[in-house]
Amino acid sequence: MSKLPIVIAPDERLTTRASEVTAINDEIKELVNDMFETMYDADGLGLAAVQVEVLKRIFVMDVQLEDVEGGPAGYESNGKFCMINPEITELSDEQTILKEGCLSVPEQSHEIKRPKYLTAKYRDLNNEERMLKASGWLARCIQHELDHLNGILYIRHLSKLKYDMAIKKAQKIKRHYER
């Protein structure tokens, strides 16, 4: 396993839609392991492949179970699992506002309104199709990471003024990291 570099906004790769994974092979499994190592090293809850320069529809998470039906196979007690080619099939009308942060938009957090519950389907590392009903931080994390795979940063959910301010701050932070 090895730690991967995290793409920091603004960066065109973070606004590009990721492509479907056509085969879950050893290369994909190694990528997933590297993504977990990278996410843990950066103290993140989730990490999308696009954030580590791989434009594939994969993300990893480690979020404690809250209200989950049909929990993912292999979902470890510590909440660690990955989703390959995820798709949200149902979103609740009920919304909730919580503070989110992002490893690609470091040193910032913003209140974001998202659906409270969701149902998602995805493939696991054994290439088996899974369904998951989630709420709480698990549902929020799935929505956040799926946004990444669709080329959307979480700060896009802010007003134009707040988005522009967040991008300016991100540019300043990115220049600092590049030194």
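This briefing describes the aromatic pairs of the structure and the charges placed over its rings.

The model is predicted, so local features need pLDDT of at least 70 and side-chain atom pairs count only at pLDDT 80 or more, while totals for chains, interfaces and linings use all residues. Residues are numbered from 1 along each chain as its sequence is written, and side-chain values use heavy atoms, with hydrogens and water left out.

**Aromatic pairs**

- Two aromatic pairs are found in a search of the whole structure, where rings of Phe, Tyr and Trp (its six-membered ring) pair if their centres lie within 6.5 Å, and planes under 30 degrees apart count as stacked, over 60 as edge-to-face and the rest as tilted.
- Phe36 and Tyr40 form a stacked pair, 6.0 Å centre to centre with 20 degrees between the planes, and both lie in helix α1 (residues 26-41), four residues apart.
- Phe36 counts as buried at 6% relative accessibility, whereas Tyr40, at 34%, counts as partly exposed (buried means under 20% relative accessible area, exposed over 50%, partly exposed in between, with a 1.4 Å probe and protein chains only).
- The rings of Phe81 and Tyr122 have centres 6.2 Å apart and planes at 45 degrees, so this pair is tilted.
- Because Phe81 lies in strand β4 (residues 80-91) and Tyr122 in strand β7 (residues 117-123), the pair ties together parts 41 residues apart in sequence.

**Charges over rings**

- The charged end of Lys80 sits over the ring of Phe36, 4.6 Å from its centre, the criterion being NZ of Lys or CZ of Arg within 6 Å of the ring centre and within 35 degrees of the ring normal.
- Arg156 lies over the face of Tyr163, at 3.9 Å from the ring centre.

Conventions:
Helix = DSSP H or I, 4+ residues; strand = E, 2+ residues; numbered from the N terminus.
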